[in-house]
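Keep the sequence and the coordinates open while reading.

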Amino acid sequence: MSGIRTAVRSALRATPIYSPVRLVFLGVFGRAKLASIRRARSLYANFIGQGDLVFDVGASVGDYTEVFLALGGHVVALEPNPESAAQLSKLRHLGQLQIEEV
């Protein structure tokens, strides 16, 4: 079952409906993760505004990158792992995102 879930998540991640659907899913099945996302948005909203340049060093699959983009930041994500960088590239539709595989 986890393989199917991973495949569906990967396919949806490249679409504009991913973020809202993910938040609904987490509201039902992952309340702790949803609370973590809300805390991160609340914290970083004090530092990141519309159009601010943000560097996400070691971005992995983009959990914080998503938060920074939702706050309107222009994000430069640094990620050496090619598989993680491929996952990051699916977030480009969320806003200004530049990925550096270094």
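Ser84 counts as buried because its relative accessibility is 11%; buried means under 20% relative accessible area, exposed over 50%, and partly exposed in between, with a 1.4 Å probe and protein chains only. This is a predicted model, in which local features need pLDDT of at least 70 and side-chain atom pairs count only at pLDDT 80 or more, while totals for chains, interfaces and linings use all residues. Residues are numbered from 1 along each chain as its sequence is written, and side-chain values use heavy atoms, with hydrogens and water left out.

Ser84 sits in helix α5; helices (H or I, at least four residues) and strands (E, at least two) are DSSP runs, numbered from the N terminus. Residues up to four places away in sequence aside, Ser84 touches Ser60, Val61 and Glu79, where contact means heavy atoms within 4.5 Å. Between the C-alpha atoms of Ser84 and Val102 there are 12 Å in space, and the two are 18 residues apart in sequence.

One of the partners of Ser84 is Ser60, which belongs to the loop between β1 (53-57) and α4 (63-70). Is Ser60 buried or exposed, or partly exposed? Ser60 counts as partly exposed, because its relative accessibility is 36%. Ser60 is not a glycine, yet its phi is positive, at about 55 degrees. Not counting residues up to four places away in sequence, the contacts of Ser60 are Glu79, Ser84 and Leu88. Gln96 is 36 residues from Ser60 along the chain, and their C-alpha atoms are separated by 17 Å.

Next comes the core. The largest nonpolar core has 15 residues, and Phe68, Val75, Leu88 and Leu97 touch the most other members. Such a core is a set of buried Ala, Val, Leu, Ile, Met, Phe, Trp, Tyr and Cys residues joined through side-chain atoms within 4.5 Å. At least two residues of this core come from each of α4, β2 (74-78), α5 (82-89) and β3 (97-100). Helix α4 gives the largest share, three residues. Beyond four places in sequence, Val75 touches Val54, Asp56, Thr65, Phe68, Leu69, Gln96, Leu97 and Gln98.

Helix α4 also packs against helix α3 (residues 31-44), at an angle of about 50 degrees and with the axes 10 Å apart. Axes are lines fitted to C-alpha atoms, for helices over the stretch in contact, and angles run from 0 to 180 degrees between N-to-C directions. The angle makes α3 oblique to α4, since under 35 degrees counts as roughly parallel, over 145 as roughly antiparallel, 65 to 115 as roughly perpendicular and the rest as oblique. On the α3 side the contact is made by Lys33, Ala40, Arg41 and Tyr44, and on the α4 side by Asp63, Tyr64, Val67, Phe68 and Ala70. These contact residues of α3 and α4 divide into six nonpolar, no polar and three charged; Ala, Val, Leu, Ile, Met, Phe, Trp, Tyr, Cys and Pro count as nonpolar, Asp, Glu, Lys and Arg as charged, and the others, Gly among them, as polar.

Helix α3 has a further partner in helix α2 (residues 18-29): their axes come within 6 Å and cross at roughly 125 degrees. The two helices α2 and α3 are therefore oblique to each other. From α2 the contact takes Arg22, Leu23, Leu26, Gly27, Val28 and Phe29, and from α3 it takes Arg31, Lys33, Leu34, Ile37 and Arg41. By class, the residues of the contact of α2 with α3 are six nonpolar, one polar and four charged.

Ser19 is in helix α2 and is buried, with a relative accessible area of 15%. Outside four places in sequence, Ser19 touches Glu66 and Leu94. Glu66 lies in helix α4 and is buried at a relative accessible area of 8%. With neighbours within four places in sequence left aside, Glu66 is in contact with Arg13, Tyr18, Ser19, Arg22, Leu91 and Leu94.
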